[in-house]
Amino acid sequence: MNREEKTQLLGELNELFNSSEIIVVSHYKGLTVKEVSELRDKIRKAGAGFRVTKNRITRLALKGTKFEGLADLFKGPTAIAFANDPVSACKACVQFAKDNEKLIVVGGAMGTGVLSVAEINKLATIPSMDELRAKIIGLLQAPGAQLARVTKAYSEKEAA
């Protein structure tokens, strides 16, 4: 990789860190290309992004961002998952790590705070925004649906 490509990658990563709300850092030692592609697909479907990183360039890109505290995690074969929805990246990484022990979640950050693996696992159990919206819509529609069923049953009873 020449200096120009490194500068471009540094800029891309810096922009990615500035535009994301959460970063999940993981080690992927031993994953095959097929498994990494499968992981990327699952993370994309969850509404997040996934990127294998160059540690030195990533540590440089972290400087001056809200995720600067993550620099110590970038050792070995490292990848990041990033998203604006805090739950989606955590959920996708933790779920894949449960199914494949070669992916190890080592930490992350949300806002300006660094997250431990336990905190990432807790975030992964929270329903996603889409699931929460669906539950709210269901709760709002339930009284109307019940009223419709009661009036329909009442009118059928009188007709009989």
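Visitor: Does K98 count as buried or exposed, and at what relative accessibility?
Guide: This is a predicted model, and in it K98 has a relative accessibility of 64%. The cut-off for exposed is over 50%, so K98 counts as exposed.

Visitor: Which helix is K98 in?
Guide: K98 belongs to helix α4, which comprises residues 86-99.

Visitor: Which residues of α4 are buried, then?
Guide: They are V87, S88, A89, C90, A92, C93, V94 and F96.

Visitor: And what do the buried residues of α4 pack against?
Guide: Their packing partners are the strands β1, β3 and β4 together with the helices α2 (33-45) and α5 (117-125).

Visitor: How far is K98 from F74?
Guide: Their C-alpha atoms are separated by 22 Å, and the two residues are 24 apart along the chain.

Visitor: Let me step back. How many helices and strands are there?
Guide: The protein chain has six helices and five strands. Their order along the sequence is α-β-α-β-α-β-α-β-β-α-α.

Visitor: What percentage of the residues count as buried?
Guide: The figure is 33% of the 160 residues. As for the accessible surface, the protein chain has about 9,900 Å², and carbon and sulfur atoms account for 56% of that.

Visitor: How many charged side chains, positive and negative?
Guide: There are 24 positive and 18 negative side chains, with the centres of the two sets 4 Å apart.

Visitor: Now the strands. Why is β3 described as largely enclosed?
Guide: Six of the six residues of β3, which covers residues 78-83, are buried, so the strand is largely enclosed by the rest of the structure.

Visitor: Which way do the side chains of β3 point?
Guide: T78, I80 and F82 point one way, while A79, A81 and A83 point the other way, and all are buried. In a regular strand, side chains alternate between the two faces of the sheet.

Visitor: What does β3 pair with?
Guide: Strand β1 (residues 22-27) pairs with β3 in the antiparallel sense over six bridges. β2 also runs antiparallel to β3, and four bridges join them. Among the individual positions, S26 has A79 as its bridge partner, V25 stands opposite I80, and R51 also stands opposite I80.

Visitor: Is β1 mostly covered or mostly open?
Guide: β1 is mostly covered, with five of its six residues buried.

Visitor: What comes at the hairpin of β4 and β5?
Guide: Two residues lie between the strands, and G111 in the turn has a positive phi of about 60 degrees. β4 and β5 (residues 113-115) are antiparallel, with three bridges, and A109 has V114 as its bridge partner.

Visitor: What about I104, in β4: how exposed is that one?
Guide: I104 is partly exposed, with a relative accessible area of 46%. Leaving aside neighbours within four places in sequence, I104 is in contact with V25, S26 and H27. From I104 to S116 the C-alpha separation is 13 Å, and the two are twelve residues apart in sequence.

Visitor: One more. Where is T53?
Guide: T53 sits in the loop between β2 (49-52) and α3 (55-62).

Visitor: Buried or exposed?
Guide: T53 has a relative accessible area of 11%. The limit for buried is under 20%, so T53 is buried.

Visitor: What does T53 touch?
Guide: Not counting residues up to four places away in sequence, T53 touches T58, F74, T78, A79 and I80. Of these, T78, A79 and I80 are buried residues of β3.

Definitions and conventions:
Residues numbered from 1 in each chain as written. Predicted model: local features only at pLDDT ≥ 70, side-chain atom pairs only at ≥ 80, totals over all residues. Heavy atoms only, no water. Buried < 20%, exposed > 50% of the residue type's maximum accessible area, 1.4 Å probe, protein only. Areas by Shrake-Rupley, 256 points an atom, 1.4 Å probe, with all protein chains shown as cover. Lys, Arg positive; Asp, Glu negative; His and termini not counted. Charge placed at Lys NZ, Arg CZ, Asp CG, Glu CD. Contact = heavy atoms within 4.5 Å. Pairing = 2+ DSSP bridges.
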